[in-house]
Amino acid sequence: MSRALQLARRGLYTTDPNPRVGCILVRNNSVLAEGWHQFSGGPHAEVNALKHAGDSARDADCYVTLEPCSHTGKTPPCADALIAAGIARVIIATDDPNPKVSGQGMQRLKEAGIKTEIGLMQVQAQALNPGFEMRMRERRPFVRSKLAMSLDGKTALANGQSKWITADAARQDVQRLRAQSSSIMTGIGTVLADDPALTVRDIDTGNRQPLRVVLDPDLKMPTTAKMLKEPGRTLLFTLSGNKKKKTALTGAGAEVFTLDAKDRQAMVQPVMTQLAGHEEVNEVLVEAGAVLNGSLLCAGLIDELIIYMAPHILGHDARGLFNIPVIEEMNNRFELKFTDVRMIGQDIRITLKPRKKK
C-alpha cells in the first residue's frame, strides 16, 4: 500500500478535480503491475494497472488507495473492471468519501465473490486528498493559506512594499503549492498592490492552471489586470451592483458574481460554497493580505497555514499577518499546532493546522 501511495502522488498536479489514486497488482508477494490516475478524464489507477498486467491479473491481489468506483462518470466503473479481470482480493486504504457512492464499490466486489479489506494506511491515503475529502464530506474546499513574513512577523513595509521578503528557493516552493491547488484566491488589495498573475510556472500541470478567485467587494478590479491576460479562468466575487464595471470586466475576460451578503466578512462562506459545488474545487491556496486572511481565520475556514519566515526584521510599523478584532482574553486566542518545520533555502517553512477546541 505504501507503494500504491507513492504512485498516487505522481498525479499530485494533474488529476484535479479527481482524487489522486494509486494501485498495484500482486501475486505471491511479487508485483505484477502498477498504475495511477494520471489526469481527469483518463483511465483510473485500477484500469491502468490491469492494462499493464493483462491476463496475469486473474487471481491476483489488488492494493488500491481509494475504494474502486461503482458508477459511470467520464470512465466506466473500476469495480466492474476488477471483477471482469478475475481479481481475487482487493485491499483498500480508504472508502470513497462521496456519500452518494461510499461503500457501493466494496459491495459490488463482495457480491462478485471478491474478498475485500479496508483501512490499511487509511490516514495516509486521506492526507493525500485533503480537498477531495473535505469537498465530499463537508461540501467545502480545503483551504491552505500561504504567507511570507519577516522574523518579527511582518508581511510588508508600512508603505505596502513586500517584494521580496523571501528568497528564490521559497518562491519556487510556492509554485509547488500552486500546482497542487484547484484554485488560488486573493483579495482586491493584493491585486491593486502587486498585480499578480497567480499562475503556475516551471511545473508540469498538464496545461491546467488553477482557477483564479478574487474577492472584490466594491468591484475595483482593473480591466488591465495581469491575471485577466493569463491562460485559465478568473472569477470575481463582489457586493457591488455596478453594471457598467461588471460589463467591462466581463469583456476583459473575468467572470463576475454578485453575492447577497451583508458585508465583506460574510462573503467568504458563500464563495467557498460555490467553489466546492459548481466549480468542483478541492483545494484553495490563499495568497492574500491581512484583511482576507483575517476574515477566513475568523470564519474558521483556514485548514492549514504555510508560513515562510525570512531572516529579516521590518519593524513595528510594518504590516502584520491577520487583520482581526482585538483579542482581550487569552482564552479567545487562535490556537495552532506545528505539523512541519524545515529549511527552504535560507528561509524557514512552517506548516501549521488549527488546534481543535475541546
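Predicted model: local features only at pLDDT ≥ 70, side-chain atom pairs only at ≥ 80, totals over all residues.
The structure holds 1 aromatic pair, and the second largest pocket has about 930 Å³ of space.

**The second largest pocket**

- Helices α5 (122–128) and α6 (130–138) each contribute at least two lining residues, and so do strands β13 (336–344) and β14 (347–354).
- The biggest share comes from α6, which gives 5 residues to the lining.
- Sorted by class, the lining has 12 charged, 12 nonpolar and 3 polar residues.

**The aromatic pair**

- Phe237 and Phe257 make a stacked pair, with ring centres 5.4 Å apart and 20° between the planes.
- Phe237 belongs to strand β9 (residues 234–238) and Phe257 to strand β10 (residues 254–258), so their pairing ties together parts that are 20 residues apart in sequence.
- Phe237 is buried, at 0% relative accessible area, whereas Phe257 is partly exposed, at 24% relative accessibility.

**Charges over tryptophan rings**

- Arg10 places its charged end over the ring of Trp36, 4.6 Å from the ring's centre.
- Over the face of Trp164 you will find Arg171, at 4.4 Å from the ring centre.

Terms used: Residues numbered from 1 in each chain as written. Heavy atoms only, no water. 1 Å grid on protein atoms, 1.4 Å probe; cavity = no way out; pocket = protein on both sides within 12 Å on 5 of 7 lines; lining within 4 Å. Points joined across faces, edges and corners; volume = space filled by probe spheres on them. Helix = DSSP H or I, 4+ residues; strand = E, 2+ residues; numbered from the N terminus. Nonpolar A, V, L, I, M, F, W, Y, C, P; charged D, E, K, R; others polar. Phe/Tyr/Trp six-rings, centres within 6.5 Å; stacked < 30°, edge-to-face > 60°. Buried < 20%, exposed > 50% of the residue type's maximum accessible area, 1.4 Å probe, protein only. Lys NZ or Arg CZ within 6 Å of the ring centre and 35° of its normal.
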